[in-house]
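Reader: Can you walk me through this model? Keep it quick.

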Amino acid sequence: MSVRMTLSAITLDCPDPLALAAFYQAATGLEPHPRSNADFASLGGGDGLSLGFQRVDGYRAPGWPGQDVPQQLHCCFRVADLEEAEARLLELGAGRPERQPNESRWRVLTDPAGHPFCIVGG
């Protein structure tokens with residue numbers, strides 16, 4: 001018999017949890033957990049899934065597409081309008097790597113701590 005698991009959280013390492021939480025809050029509209037602090041911050045919504053950010057001393061941002069510091073994980077977010085979402089995320093502090101493998105369907109961006117993430121039109 002298999003164990004049934006439900007994903008409850010995704011946590012990203014970073015140098016500044018509150019700053020990275022503020023970026024993702026502005027990008028997603030998720031609400032901050034009231035006990036978020038400088039060592040660990042969390043955002044959540046009504047669906048039970050939370051996005052966490054934990055401080056790591058000596059943090060090194062993953063490289064994309066290079067693998068000197070592997071990304072190990074990246075998140076994908078569905079958006080209604082790819083161009084509009086990309087412009088807004090860049091305003092919020094996201095980066096846009098030069099290499100875009102399928103620009104007509106999705107965009108690879110990086111959050112302010114350097115984690116790659118994708119936005120997918122749909």
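Author: Start with one term: rings of Phe, Tyr and Trp (its six-membered ring) pair if their centres lie within 6.5 Å; planes under 30 degrees apart count as stacked, over 60 as edge-to-face and the rest as tilted. The structure holds 6 aromatic pairs.

Reader: How are the rings of Y24 and F53 placed?

Author: Their centres are 5.5 Å apart and their planes sit at 20 degrees, so the pair is stacked. Y24 is in helix α1 (residues 17–28) and F53 in strand β4 (residues 50–55), so the pair ties together parts 29 residues apart in sequence. Helices (H or I, at least four residues) and strands (E, at least two) are DSSP runs, numbered from the N terminus.

Reader: Are Y24 and F53 buried or exposed?

Author: Both are buried. Buried means under 20% relative accessible area, exposed over 50%, partly exposed in between (1.4 Å probe, protein chains only).

Reader: Which residues do ring pairs link into a cluster?

Author: F23, Y24, F53, F77 and F117.

Reader: Before I go on, what is this model based on?

Author: It is predicted: local features need pLDDT of at least 70, side-chain atom pairs count only at pLDDT 80 or more, and totals for chains, interfaces and linings use all residues. Residues are numbered from 1 along each chain as its sequence is written, and side-chain values use heavy atoms, leaving out hydrogens and water.

Reader: New topic. What pattern does the chain follow?

Author: Along the sequence, β-α-β-β-β-β-α-β-β. That comes to 2 helices and 7 strands.

Reader: How much of the chain is buried?

Author: Buried residues make up 33% of the 122 residues.
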